[in-house]
Amino acid sequence: MSSYQKELEKYRDIDEDEILRTLSPEELEQLDCELQEMDPENMLLPAGLRQRDQTKKSPTGPLDREALLQYLEQQALEVKERDDLVPFTGEKKGKPYIQPKREIPAQEQITLEPELEEALAHATDAEMCDIAAILGMYTLMSNKQYYDAICSGEICNTEGISSVVQPDKYKPVPDEPPNPTNIEEILKKVRSNDKELEEVNLNNIQDIPIPMLSELCEAMKTNTYVRSFSLVATRSGDPIANAVADMLRENRSLQSLNIESNFISSTGLMAVLKAVRENATLTELRVDNQRQWPGDAVEMEMATVLEQCPSIVRFGYHFTQQGPRARAAQAMTRNNELRRQQKKR
């Protein structure tokens with residue numbers, strides 16, 4: 001037996017239940033929060049979400065980006081350049097390449113009437129572009145130039161044939177602003193059942209603590225005014241999926257749920273799908289683009305849920321298997337037809 005195995009032997013007879021019984025309620029609550037926030041066995045999570053920072057070095061101060069860039073630039077200037085193996089003297093060797101002029105053979109030369117030669121010699125680029133479009137030489141211009149010349153009776157495109165290598169200019173689209181939602185304020189409104197709050201949108205907020213999300217799902221159980229609940233790209237995992245599943249079993253006012261682009265595994269998705277069966281008010285469910293593919297069993301469960309829940313008329317997921325995809329499409333068609341008939345009545 002190695003020394004490492006001998007070291008592990010003393011932990012073999014430890015009674016974990018006895019240790020848990022000696023913990024106070026505050027310590028148990030803290031342990032529960034630690035286990036929810038950290039998942040050391042999940043290799044799909046970044047290192048910062050699998051374990052806490054264990055360094056004991058105190059921070060030297062806040063990050064100063066400008067000072068850091070100046071320091072790196074100064075360090076780069078102070079590094080001595082490496083000497084060349086062969087010193088550069090600036091001497092040029094050899095002769096520069098001159099492309100030979102190609103003479104057009106007599107049989108390939110095209111001669112026009114003097115009037116046409118004179119007209120083409122003084123034609124502008126825009127006029128040449130329109131002439132090429134009329135003759136069907138669409139490869140010499142962009143699609144926009146070609147259709148402008150064909151559809152209009154006048155010369156309206158002044159870019160010329162030389163712009164064929166230039167792409168169309170598009171207006172730059174600015175990035176979306178960050179989500180301005182105040183999570184603490186939203187949590188208070190959900191708890192107080194504020195009738196003016198009908199949508200909870202926490203999309204793209206990636207620093208929400210897991211206990212706060214769990215509290216929000218807990219408050220949603222008794223809320224009767226919120227119709228839409230969205231947690232897209234909030235780095236939510238299975239603990240949040242289980243909290244959402246518990247919320248769906250009790251909430252009877254929610255109509256739209258979106259948990260796309262998160263870290264929910266097949267276990268968490270299965271819990272949400274089982275809870276959807278017990279909810280008769282949900283009409284829209286979106287669960288696509290998780291960190292890992294949920295598997296065949298989860299896709300079959302999705303198709304079964306859509307068949308057994310006629311209230312769902314919008315479902316967001318890209319099926320990879322043909323069987324569940326066909327069943328889901330047929331179930332969605334039936335659900336939308338039932339909804340249309342109910343509106344007629």
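The secondary structure of the protein chain comprises 14 helices and five strands, where helices (H or I, at least four residues) and strands (E, at least two) are DSSP runs numbered from the N terminus. The model is a predicted one, in which local features need pLDDT of at least 70 and side-chain atom pairs count only at pLDDT 80 or more, while totals for chains, interfaces and linings use all residues. Residues are numbered from 1 along each chain as its sequence is written, and side-chain values use heavy atoms, with hydrogens and water left out.

Of the 345 residues in the protein chain, 29% are buried, a class defined by a relative accessible area under 20%, as against exposed at over 50% and partly exposed in between (1.4 Å probe, protein chains only). The chain exposes about 25800 Å², of which carbon and sulfur atoms supply 52%; accessible areas come from the Shrake-Rupley method with a 1.4 Å probe, and for residues only the protein chains shown count as cover. Among contacts (heavy atoms within 4.5 Å) between residues at least 6 apart in sequence, 70% join residues at least 24 apart.

Helix 12 (residues 266-276) is largely enclosed by the rest of the structure, because eight of its 11 residues are buried. The buried residues of this helix are Gly268, Leu269, Met270, Ala271, Val272, Leu273, Ala275 and Val276, and they pack against helix 11 (238-250), strand 4 (284-286) and helix 13 (296-308). Within helix 13 lies threonine 304, which is buried with a relative accessible area of 18%. When neighbours within four places in sequence are left aside, threonine 304 is in contact with Arg277 and Arg327.

A search of the whole structure finds 12 salt bridges. In one of them, the side chains of arginine 327 and glutamate 307 meet at 3.0 Å, N to O. Glutamate 307 lies in helix 13 and arginine 327 in helix 14 (residues 322-344), so this pair ties together parts that are 20 residues apart in sequence. Both partners are partly exposed, glutamate 307 with a relative accessible area of 32% and arginine 327 at 25%.

Glutamate 185 is partly exposed at 38% relative accessibility, and lysine 189 counts as partly exposed at 30%. Glutamate 218 and lysine 221 form a further salt bridge, with the closest N and O atoms 3.0 Å apart; here glutamate 218 is partly exposed at 48% relative accessibility, whereas lysine 221 is buried, with a relative accessible area of 15%. Glu218 and Lys221 are linked with Glu250 in a network of salt bridges.

Two surface patches were also identified, made of residues with over 30% relative accessible area and no salt bridge, like charges being joined within 9 Å and nonpolar side chains (Val, Leu, Ile, Met, Phe, Trp, Tyr) within 5 Å. The nonpolar patch, of about 510 Å², is made by Tyr4, Leu8, Tyr11, Ile14 and Ile19. Isoleucine 19 is placed in helix 2 (residues 16-21) and is partly exposed, with a relative accessible area of 46%. A patch of negative charge gathers Glu26, Glu27, Glu29 and Asp32 on the surface; Lys and Arg count as positive and Asp and Glu as negative, His and the chain ends not being counted, and the place of a charge is taken as NZ of Lys, CZ of Arg, CG of Asp or CD of Glu. Of this group, glutamate 26 is found in helix 3 (residues 25-37) and counts as exposed at 56% relative accessibility.

As regards backbone geometry, most residues other than glycine have a negative phi. Asparagine 204, although not a glycine, has a positive phi of about 65°, and is found in the loop between strand 1 (199-201) and helix 10 (210-220). Serine 261 likewise has a positive phi, near 60°; serine 261 lies in the loop between strand 3 (256-258) and helix 12 and counts as partly exposed at 26% relative accessibility.

Conventions
Salt bridge = Lys/Arg side-chain N within 4 Å of Asp/Glu carboxyl O.
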